[in-house]
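This briefing concerns the structure shown below.

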Amino acid sequence: MPATIASFDKVVSGLAPEARRRFDRMYDSVAAEARILPPPAMEGWIAHAFRYLAPTKEGVLEAVRRQPIMHVMNRATGQATLFNAIRSQRPIEARAATDLEAEIEAARAKCSFCRPLEQTPANTFGRIGAQKTCANVAAYDGYHGLVIFEDHNPLRFRHDAFKVGEVADLLATARAWAEKCHAETPQARFFFLMWNCLWKAAASIIHGHAQMTVGCKFHYGRIERLRRDALAYQHEHGADYFADFVAIHESLGLAARWGSVAAVAHLTPAKEREIILVADRYENPDLPAAIWRALKVYAAQDVKSYNMAVYLPPLGPADPGWAGFPVLAHFVDRGDLAAKTVDVGGMEFYASAVVSADPFALAEAMKKQSA
Ligand SMILES: [Zn+2]
């Protein structure tokens, strides 16, 4: 039987002693069982809606009556995720993307990003690469820019035409933009790069684009929180947080090596199918290919809308407060573009992430991308 999040306790108890000690200093987990009593009138609906759980109606009903839950906590950061295994076994139903592709094509006629020089503002220092970057018309921070992709279609990552060189170009263009901000305002050191793909991921414009901000004085809150948590972990355990983070995922079978970049199927994902890449530096030559691979995994899992977010230490001379802080590229699936509900609610904002996708299944898909 392949490992699953429902059998997480067994996976953890199978760890070698050293790996187990490492796991225990960063993570904790608790299993629960949700027991429900559906009335007879609901049975037909349940048998159909959860038909993938078992070959017989009685088997399906039994699986729904007793639902295993796994709650995993990162003790160092407080990030926690509730996994419901019956939701996680739902098969990937690849729905036709034709309507979506048509909607993307229809947006071309009025697309301001297809005509960036006339339809988008420039930053004070101009544009990088003539027309690749622009300023955000309604900025988040003192410096807020965009890399506008050459291809209008944000689903390009799902097509064979999508090449590693495009990712390398994106990383280099975003970095060159950030360095311009830093040169203009030396206190502007805190560079953040993200890519919201389509409306479920909060993109307001269909045309593919990434966004960059550069802040002053301190890094963005989540990134600063992680820096402090990693320092506290190092102080408490005498071990490097990020090295342990990767080693724990590796020991559980939740990681792949993409060149010199570690790729983990995150144990406490923010939402569905979270992949985190850990690289020693932004300029690591393996990073573009690792990002490209993460997107190919997403394409294979039929992901269409996602957020990518890159954490890195401040620009400028090495800051001792950030020593050992790696580059982390996050990817999270934001779900069905046709669904009217948003995928995060009160639980995610204020309590704990609730996730259906099994990180062990994601890890298997990631390992296949290694070949
Ligand atoms: Zn466009």
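A search of the whole structure, which is a predicted model, finds 21 aromatic pairs. Rings of Phe, Tyr and Trp (its six-membered ring) are paired if their centres lie within 6.5 Å, and planes under 30 degrees apart count as stacked, over 60 as edge-to-face and the rest as tilted. In this predicted model, local features need pLDDT of at least 70 and side-chain atom pairs count only at pLDDT 80 or more, while totals for chains, interfaces and linings use all residues. Residues are numbered from 1 along each chain as its sequence is written, and side-chain values use heavy atoms, with hydrogens and water left out.

**Aromatic pairs and cluster**

- Phe-23 and Tyr-27 form a stacked pair, at 5.8 Å centre to centre and with 25 degrees between the planes.
- Phe-23 is buried, with a relative accessible area of 2%, and Tyr-27 is likewise buried, at 1% relative accessibility; buried means under 20% relative accessible area, exposed over 50% and partly exposed in between (1.4 Å probe, protein chains only).
- Phe-349 and Tyr-350 form a tilted pair, with 6.3 Å between the centres and 45 degrees between the planes.
- Phe-349 is exposed, with a relative accessible area of 61%, and Tyr-350 is exposed at 74% relative accessibility.
- One aromatic cluster is formed by Phe-149, Phe-157, Trp-195, Tyr-298, Tyr-306 and Phe-331.
- Phe-331, a member of that cluster, is found in strand S12 and counts as buried at 0% relative accessibility.
- The C-alpha atoms of Phe-331 and Phe-113 are separated by 24 Å, and the two residues are 218 residues apart along the chain.

**Charges over rings**

- The charged end of Arg-175 sits over the ring of Tyr-282, 5.2 Å from its centre; the criterion is NZ of Lys or CZ of Arg within 6 Å of the ring centre and within 35 degrees of the ring normal.
- Arg-227 lies over the face of Trp-322, at 5.3 Å from the ring centre.

**Overall form**

- The chain has 13 helices and 13 strands; helices (H or I, at least four residues) and strands (E, at least two) are DSSP runs, numbered from the N terminus.
- The C-alpha trace spans about 65 × 55 × 40 Å along its principal axes.
- Buried residues make up 50% of the 371 residues in the chain.

**Largest pocket**

- The largest pocket has a volume of about 1,400 Å³.
- On a 1 Å grid over the protein atoms alone, a cavity is a set of points where a 1.4 Å probe fits but cannot get out, whereas a pocket is an open set with protein on both sides within 12 Å along at least five of seven lines; lining residues have an atom within 4 Å of a point.
- Grid points are joined across faces, edges and corners, and a volume is the space filled by probe spheres set on the points.
- The lining of the largest pocket comprises 45 residues, of which Gln-79, Arg-222, Ala-270, Glu-274 and Tyr-311 lie nearest the centre.
- Elements that each supply at least two lining residues include strand S3 (80-84), strand S6 (188-197), helix H10 (241-251) and strand S12 (327-333).
- Helix H9 gives the most to this lining, with six residues.
- The lining residues divide into 26 nonpolar, 12 polar and seven charged; Ala, Val, Leu, Ile, Met, Phe, Trp, Tyr, Cys and Pro count as nonpolar, Asp, Glu, Lys and Arg as charged, and the others, Gly among them, as polar.

**Backbone positions with positive phi**

- Most residues other than glycine have a negative phi.
- Leu-198 has a positive phi of about 70 degrees although it is not a glycine.
- Leu-198 is placed in the loop between S6 and strand S7 (209-216) and counts as buried at 1% relative accessibility.
- Asp-302 has a positive phi near 65 degrees.
- Asp-302 is found in the loop between helix H11 (287-300) and S11, and Asp-302 is buried, with a relative accessible area of 17%.
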